[in-house]
Amino acid sequence: MKVVLAGRVNLEHTGQEDVLESIVSLMNKLGVDLAFIENEVVCMEASINLGISDVAEELFREFKEKVEEIKPDVVVSAYAAGVAKWKRDVPERYGLKLPVPYLHLTEFLAEEFRKRKPNLKPFPHRYFLQHGCTLGRKMGRFQPARDVLSYVPEIEVIEEDYPTAELEGMDPAMFNSCPAAWLNFAQPELGEYAKENYVLDVLVPRKPEFAGSTCANGHYGIRQGLEIAEIEDIKPLYFTQILDQVWR
């Protein structure tokens, strides 16, 4: 299977090389033929949100052409923004469609794990999982991450609670707070305040040993929040880092 990993430059731009290394390592262990987009644009998906439509169309058209040149079976990303944009915004605004599926990393791994039933080593720790805003709240695709982590023996996955979710017949993941990493881009003067509040109000009360998000951008917010709040007994760990560690 040939897979294009989108968003590599985003991970490098935010200093998350360790997350990138774990994804590449995991893909290698799965026997995937991994490819990358040459000269990939950092945060390309944000061009639509910024309202620069002419630039956005050109960027998405170039992305499509590069994918067609590589001829993968699927495009995969640790960022849900691209998944969402190619599902609705890009086809509706510009009439562009990719020739192959574009999946979030959790969705891709959930499907691969269903096929392979991996035998993983135990991870006897409390792990806080934040469901990324786009993937969880906007798209409702929060189950794949849970499915993937269910293969890890002895892990205790904890999530943000929402008192009335059950009464409303909704999954608590729909109400997950955002670790606020996008404020670095949109309102940097509020960034540190919001990220520190997230850690103190959401993470600390749940007492996890490790914490991460399905979204690599949310994970970046958690990492920054822990640093700003000077919390040392909770370690940031992206879920692929766990999977890479426990792979037999």
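1. Buried here means under 20% relative accessible area. By that cut-off, every residue of strand β7 (residues 210-213) is buried. Phe210 and Gly212 point one way from the strand, and Ala211 and Ser213 point the other way. In a regular strand the side chains alternate between the two faces of the sheet. Note that the model is predicted.

2. β7 has pairing partners in β5 and β8. Strand β5 (residues 126-130) pairs with β7 in the parallel sense, over four bridges. Gln130 stands opposite Ser213 of β7. Strand β8 (residues 235-236) also runs parallel to β7, joined by two bridges. Here Ala211 stands opposite Pro236 of β8.

3. Another point concerns the open sheet of four strands. Its order is β2-β1-β3-β4, with parallel pairing. β2 (33-35) and β4 (102-104) are the edge strands, each pairing on one side only. On average, neighbouring strands of this sheet are turned by 35 degrees against each other, direction ignored.

4. Strand β3 (residues 74-77) is joined to β4 by three bridges, and the two run parallel. Val76 has Leu103 of β4 as its bridge partner. Helix α6 (residues 105-116) packs on the sheet and touches β1 (2-6), β3 and β4. The direction of α6 makes about 90 degrees with that of β4.

5. Which angle do helices α10 and α11 make as they pack? Helix α10 (residues 188-206) and helix α11 (residues 216-228) pack at about 90 degrees, with axes 8 Å apart. Angles of 65 to 115 degrees count as roughly perpendicular, so α10 is roughly perpendicular to α11. On the α10 side the contact is made by Glu192, Lys195, Glu196, Tyr198, Val199 and Leu203. On the α11 side it is made by Gly221, Ile222, Gln224, Gly225, Leu226 and Ile228. By class, this contact has six nonpolar, three polar and three charged residues.

6. A further helix pair is α2 with α12. The axes of helix α2 (residues 17-29) and helix α12 (residues 239-246) come within 8 Å and cross at roughly 50 degrees. That angle makes α2 oblique to α12. The crossing is left-handed. From α2, the contact uses Asp18, Val19, Ser22, Ile23, Ser25, Leu26 and Lys29. From α12, the contributors are Thr240, Gln241, Leu243 and Asp244. The residues of the α2 and α12 contact divide into four nonpolar, four polar and three charged.

Terms used:
Residues are numbered from 1 along each chain as its sequence is written. This is a predicted model: local features need pLDDT of at least 70, side-chain atom pairs count only at pLDDT 80 or more; totals for chains, interfaces and linings use all residues. Side-chain values use heavy atoms; hydrogens and water are left out. Two strands pair if DSSP finds at least two bridges between them. Axes are lines fitted to C-alpha atoms, for helices over the stretch in contact, and angles run from 0 to 180 degrees between N-to-C directions. Contact means heavy atoms within 4.5 Å. Angles under 35 degrees count as roughly parallel, over 145 as roughly antiparallel, 65 to 115 as roughly perpendicular and the rest as oblique. A crossing is left-handed if the near helix is turned anticlockwise from the far one by less than a right angle, and right-handed if clockwise. Ala, Val, Leu, Ile, Met, Phe, Trp, Tyr, Cys and Pro count as nonpolar, Asp, Glu, Lys and Arg as charged, and the others, Gly among them, as polar. Buried means under 20% relative accessible area, exposed over 50%, partly exposed in between (1.4 Å probe, protein chains only).
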